[in-house]
Amino acid sequence: MPLALHSRSIKAAALVGSGLASFARTRRSTEASILTFHGLSEDMKDRGILDWSLHLPVGVFRGICAMLAKEYHVISLADLVEARSRGTGLPDNSVVITFDDGYASNYELAFPVLKEFGLHATVFVTTGFLDKVEMFWFQRVDLALGRTQKELLEWRINGKKLRLYLGTYELRQQSLMQLLPELKELPDVDLLGEVNRLEEALEVSRPDFHDLPDAMRPMTWEMACEMSLSGHVDIGGHTHTHPILARCDVRAMRAEIATCRDRIHAEIGELPATFAYPNGGSDDYTRETLMLVREAGFKAACTTISGRVDDNVSMYQLPRYGSPESVWEAKATVSGAFETLKDWRQSCRKAMSMI
Ligand SMILES: [Zn+2]
């Protein structure tokens, strides 16, 4: 478990235990929150994957759903978008559940839990991943670092020289965390070439879809259709090949968004209404991206910038919280306790400066 996440969970437990989360839940009841998940896993013992942060244990997800079903109103993203666009109210303490990328585990592990608790979710799919045209570049990097026989690689990227230690599973995990942010900085046209060179330097072959560890597999379109027909899941767009859109030129950006929309339309039989930007940080999309998503007919789009969904939120930059790693963290997050604590700290600092 990464240290930063672990300390966040401890802080969350303190916010819940001290009563601040239940105070925030009452004070901030008119603000909605949106949670982002990716895949789920049955256990994290498979050493064939280095980065487990995208695959939450299903037991934790089940605990989060049980808590949300009991204490919150889980609504669909479509209902949230409609209410916020019309200026009508939402149920108090509304929460939206979303999944990014389109992993098979959304169907195999999350869908039964959603049905059990009668909850709704939006699954943002990367259509080329479901079509098995292209696996995610970060999966290839994870597998290359995990499968190489090499114990050290010196790699030049973005004017830096990285020393990637690969002697143990833990060192490989650390090297992956060092390398991923650098790769995300590259222009999209250079990224896959860099991943090819990396595989070559690490002397591993490019993996096929049938080589993917279980947790990394894409869902099939049949799985997506069944979930969509159930009424528990909406299928949203997440591009065709998952580039960071800000690193694409306008033509490539338009094609990524339109192809994604058209593939969902063809397979599900409905135009997707919502979109999520890959990576989703403020540097990962541009003003042109927002315009193109709107032009393609999407009614709203989600970022991964943390925050509350209040009346002033932009429909094409909906904030979303990252995946909580525990029920405590989910409870503190959706209540607004982290923001309440931040507001208090700022007020205290202001008051102290006036003394
Ligand atoms: Zn994604």
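This tour visits salt bridges in a predicted model, which holds 23 of them in total.

Begin by selecting R206 and E134. These residues form a salt bridge whose closest N and O atoms are 3.0 Å apart. The pair connects distant parts of the chain, 72 residues apart: R206 sits in the loop between α9 (188-201) and α10 (221-230), and E134 in the loop between α6 (127-130) and α7 (137-147). Colouring by accessibility shows R206 as partly exposed, at a relative accessible area of 47%, whereas E134 is buried at 18%.

Next, select K150 and E203. Here the closest N and O atoms of the salt bridge lie 3.8 Å apart. This pair also links distant parts of the chain: K150 belongs to the loop between α7 and β7 (152-157), E203 to the loop between α9 and α10, and 53 residues separate them. K150 is partly exposed, with a relative accessible area of 28%, while E203 is exposed at 63%.

Then move to E182 and K160, whose side chains meet in a salt bridge at 2.6 Å, N to O. E182 is part of helix α8 (residues 169-184) and K160 of strand β8 (residues 160-165), so the contact ties together parts that are 22 residues apart in sequence. K160, in turn, counts as partly exposed at 41% relative accessibility.

Finally, select R28, E31, R308 and D343 together. Salt bridges with shared partners join these residues into one network.

Key. Residues are numbered from 1 along each chain as its sequence is written. This is a predicted model: local features need pLDDT of at least 70, side-chain atom pairs count only at pLDDT 80 or more; totals for chains, interfaces and linings use all residues. Side-chain values use heavy atoms; hydrogens and water are left out. A salt bridge is a side-chain nitrogen of Lys or Arg within 4 Å of a carboxyl oxygen of Asp or Glu. Helices (H or I, at least four residues) and strands (E, at least two) are DSSP runs, numbered from the N terminus. Buried means under 20% relative accessible area, exposed over 50%, partly exposed in between (1.4 Å probe, protein chains only).
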